[in-house]
Amino acid sequence: MGFQKSVTTLAKAYPGDVAGGLFYPTQGKIVRDLVTVGKFAWIDAVDSQFVSINKGTNKLLAGLVYRDNTTVWNNADYQQGYSMNVSAGYECQIATKGPYYVILFASLNAGAAVNIGDIVYSDANGNAVIGVTTQQGYTKTNFVIGETGIVGDLILITNTANVNA
């Protein structure tokens with residue numbers, strides 16, 4: 001067997017990853033129907049221990065589904081293959097403070113660039129959106145854009161000054 005001659009370029013992060021070396025507290029919640037790591041989740045209207053990916057009615061924004069890699073999968077889930085989805089009944093971690101990576105889903109201000117400090121909103125399906133002005137159906141988060149990029153990119157969002165700590 002020969003020596004390794006090349007290295008595949010690794011991704012800088014995955015959706016829901018924390019940026020930097022500091023740990024920020026998260027809240028453990030139980031998934032009501034489905035959540036996706038790296039997207040925003042909503043507190044269940046009936047029981048605040050549960051979260052959902054869909055906003056629905058009378059639900060409050062819980063925070064970002066953090067990629068903590070601690071969900072225990074049973075054999076049936078394991079055989080379905082890899083996914084960023086966390087199924088009903090499993091635990092997930094919700095982040096409300098810190099720097100995290102998300103896929104920037106859309107900018108509602110088509111001509112505008114993505115700038116550091118732009119406010120991050122969530123659409124009804126938990127996607128990170130910027131450029132919201134008077135449009136209905138979007139919820140303001142406590143996160144802002146932490147690095148330049150374009151729509152569709154993995155991008156840093158933060159609500160702390162310790163981005164690269």
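Is D17 buried or exposed? In this predicted model, D17 is buried, with a relative accessible area of 12%, where buried denotes under 20% relative accessible area, exposed over 50%, and partly exposed in between (1.4 Å probe, protein chains only). The model is a prediction in which local features need pLDDT of at least 70 and side-chain atom pairs count only at pLDDT 80 or more, while totals for chains, interfaces and linings use all residues. Residues are numbered from 1 along each chain as its sequence is written, and side-chain values use heavy atoms, with hydrogens and water left out.

A search of the whole structure returns three salt bridges, a salt bridge being a side-chain nitrogen of Lys or Arg within 4 Å of a carboxyl oxygen of Asp or Glu. D17 is paired in this way with R67, with 2.6 Å between the closest N and O atoms. Because D17 lies in the segment before strand 1 and R67 in the loop between strand 5 (61–66) and helix 1 (75–78), the pair ties together parts that are 50 residues apart in sequence; helices (H or I, at least four residues) and strands (E, at least two) are DSSP runs, numbered from the N terminus. R67 itself is partly exposed, at a relative accessible area of 23%.

A salt bridge also joins the side chains of K12 and E147, at 2.9 Å from N to O. This pair links distant parts of the chain, 135 residues apart, with K12 in the segment before strand 1 (26–31) and E147 in the loop between strand 11 (139–145) and strand 12 (154–158). K12 is exposed, its relative accessible area being 54%.
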